[in-house]
Amino acid sequence: MLEVQGLSAGYGEIQILRDVSLTVGRGDIVTLVGSNGAGKSTLLNTICGILRPRAGAVRLEGTDITGWTSEAIVGRGITQVPEGRRLFPHMSVRENLLMGAYRRRDRAKIQRDLDWMYALFPILKERQRQRAGSMSGGEQQMCAIGRGLMARPKILILDELSLGLAPIMLDTLVDALRMVHQEGSTIFLVEQDVATAFDLATTGYVLENGRIVLSGPTADLKVNPHVKKSYLGL
């Protein structure tokens, strides 16, 4: 579904990413983990067209989308749930969800997807007329994920799902994402919480100082001595 090949990128004279390569297969849940400053956000910005790479390529279903505009990339099927959620705080929950479908014209299917979001996150149905900015952090994250899914993306990118969430709320979101995956969605999870990321995903990549240093099945990465010491505190 998604292929990143030999990607290098940065800001001004500062190079952040160095020869990064990874793949996300159709219907898979893949995670990229790393500490603050490892280059995770830079990679997402490059994949999503916010930042132009200095070298390398990004392909979606075999089509080279390197250097495309963000709008064109969204239209092609990549949707990102950004770090910090970035909802429209003064708009209602329902209005935020519908913003995810702004490129769509299939009204009946949009309504079906809206009903699906309410089934997936019942609290959003209860709060559908409430201002999104007045909800708790976990409820806002539900709304942000729902907004992303309303675009019917080919691949959903989640940036720091766990940020600022209580463990019980995080468990609820992980369960919801498993349900979304069972519906056939492809998910790319970029996460600092390595334990959560490895529990949800089947394949993982470890990014350090702008380079991929480890990759493989998450079951293997969990028992890797470097991962255990540096990320899992074991």
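Because the model is predicted, local features need a pLDDT of at least 70 and side-chain atom pairs count only at pLDDT 80 or more, whereas totals for chains, interfaces and linings use all residues. Residues are numbered from 1 along each chain as its sequence is written, and side-chain values use heavy atoms, with hydrogens and water left out.

Helices (DSSP runs of H or I, at least four residues) and strands (runs of E, at least two residues) are numbered from the N terminus. Two strands are said to pair if DSSP finds at least two bridges between them. An open sheet is formed by four strands in the order S2-S1-S4-S5, with antiparallel pairing. Strands S2 and S5 (63-64) stand at its edges with a single partner strand each, so one side of each has no neighbour in the sheet. Strand S1 (residues 2-11) runs antiparallel to strand S2 (residues 14-24), and seven bridges join them. Within this pair, Leu-7 is placed opposite Val-20 of S2. The two strands form a hairpin with two residues between them, and Gly-12 in the turn has a positive phi of about 60 degrees. S1 also pairs with strand S4 (residues 55-60), in the antiparallel sense and over five bridges; there, Gln-5 has Ala-57 of S4 as its bridge partner.

In soluble globular proteins, nonpolar side chains tend to be buried together. A nonpolar core is here a set of buried Ala, Val, Leu, Ile, Met, Phe, Trp, Tyr and Cys residues joined through side-chain atoms within 4.5 Å. Buried means under 20% relative accessible area, exposed over 50%, and partly exposed in between, with a 1.4 Å probe and protein chains only. The largest nonpolar core has 44 residues, and those with the most contacts inside it are Leu-97, Phe-121, Leu-124, Ile-145, Leu-158 and Leu-161. A second, separate core has 28 residues, including Leu-22, Ile-47, Leu-60 and Ile-78.

Thr-46 lies in helix H1 and counts as buried because its relative accessibility is 5%. With contact defined as heavy atoms within 4.5 Å, Thr-46 touches Leu-7, Ala-9, Leu-17, Leu-51 and Pro-53, not counting residues up to four places away in sequence. By contrast, Lys-229, found in helix H10 (residues 225-230), counts as exposed because its relative accessibility is 68%.

Grid points are joined across faces, edges and corners, and a volume is the space filled by probe spheres set on the points. One cavity of 30 Å³ or more is found in the whole structure. The largest cavity holds about 40 Å³ of space, and its lining includes Thr-46, Ile-47, Pro-53 and Trp-68.

The largest pocket has a volume of about 790 Å³. Its lining comprises 33 residues, of which Val-74, Ile-78, Thr-79, Gln-80 and Pro-82 lie nearest its centre. Helix H2 gives the most to this lining, with six residues.

How values were computed: On a 1 Å grid over the protein atoms alone, a cavity is a set of points where a 1.4 Å probe fits but cannot get out, and a pocket is an open set with protein on both sides within 12 Å along at least five of seven lines; lining residues have an atom within 4 Å of a point.
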